[in-house]
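Me: I've got a model to go through with you. Can you take my questions as they come?

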Amino acid sequence: MVGQEGKFKPGDTFYAKVNPEVKLIIRLYYRRIYYCTFAEDPEKKEVVFFEREFL
């Protein structure tokens with residue numbers, strides 16, 4: 001998508017500031033929001049983050 005450049009790409013892993021011990025995987029970046037799954041439990045409901053919430 002044009003103009004949809006995030007700092008991170010789908011498939012990248014990261015940790016969030018709110019729960020730094022839980023590893024997350026980026027599934028999608030859309031309209032400045034990252035849609036993420038849990039690395040240890042991909043079936044768990046996905047979570048969303050803004051880039052500023054990453055460690």
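Me: Is Phe 8 buried, partly exposed or exposed?
Reply: This is a predicted model. In it, Phe 8 is partly exposed, at 23% relative accessible area.

Me: And Tyr 34, buried or exposed?
Reply: Tyr 34 is buried, with a relative accessible area of 0%.

Me: How many aromatic pairs turn up in the whole structure?
Reply: Seven aromatic pairs. One of them joins Phe 8 and Tyr 34, edge-to-face, with 6.1 Å centre to centre and 70° between the planes.

Me: Which parts does the pair of Phe 8 and Tyr 34 tie together?
Reply: Phe 8 is in the segment before strand S1 (13–16), and Tyr 34 is in strand S3 (residues 33–38), so the pair links parts 26 residues apart in sequence.

Me: Which residues form the aromatic cluster?
Reply: Phe 8, Phe 14, Tyr 29, Tyr 34, Phe 49 and Phe 54 form one cluster.

Me: What does Phe 54 touch, leaving aside neighbours within four places in sequence?
Reply: Phe 54 contacts Phe 8, Phe 14, Tyr 15, Lys 17, Ile 26, Tyr 34 and Phe 49.

Me: Now the core. What makes up the largest nonpolar one?
Reply: It has 10 residues: Phe 14, Ala 16, Leu 24, Ile 26, Tyr 29, Tyr 34, Cys 36, Phe 38, Phe 49 and Phe 54.

Me: How many bridges join S2 to S3?
Reply: Six, and the two strands run antiparallel. Tyr 30 stands opposite Ile 33 in S3.

Me: Switching to charges. Which charged ends sit over rings?
Reply: Among them, the charged end of Lys 44 lies over the ring of Phe 38, 4.6 Å from its centre. The charged end of Arg 52 sits over the ring of Phe 50, also 4.6 Å from the ring centre.

Me: Last one, Glu 21. Where is it, and is it buried or exposed?
Reply: Glu 21 is in strand S2. Glu 21 counts as exposed, at 63% relative accessibility.

Me: How far apart are Glu 21 and Asp 41?
Reply: They are 20 residues apart in sequence and 14 Å apart in space, C-alpha to C-alpha.

Conventions
Residues are numbered from 1 along each chain as its sequence is written. This is a predicted model: local features need pLDDT of at least 70, side-chain atom pairs count only at pLDDT 80 or more; totals for chains, interfaces and linings use all residues. Side-chain values use heavy atoms; hydrogens and water are left out. Rings of Phe, Tyr and Trp (its six-membered ring) pair if their centres lie within 6.5 Å; planes under 30 degrees apart count as stacked, over 60 as edge-to-face and the rest as tilted. Helices (H or I, at least four residues) and strands (E, at least two) are DSSP runs, numbered from the N terminus. Buried means under 20% relative accessible area, exposed over 50%, partly exposed in between (1.4 Å probe, protein chains only). A charge sits over a ring if NZ of Lys or CZ of Arg is within 6 Å of the ring centre and within 35 degrees of the ring normal. A nonpolar core is a set of buried Ala, Val, Leu, Ile, Met, Phe, Trp, Tyr and Cys residues joined through side-chain atoms within 4.5 Å. Contact means heavy atoms within 4.5 Å. Two strands pair if DSSP finds at least two bridges between them.
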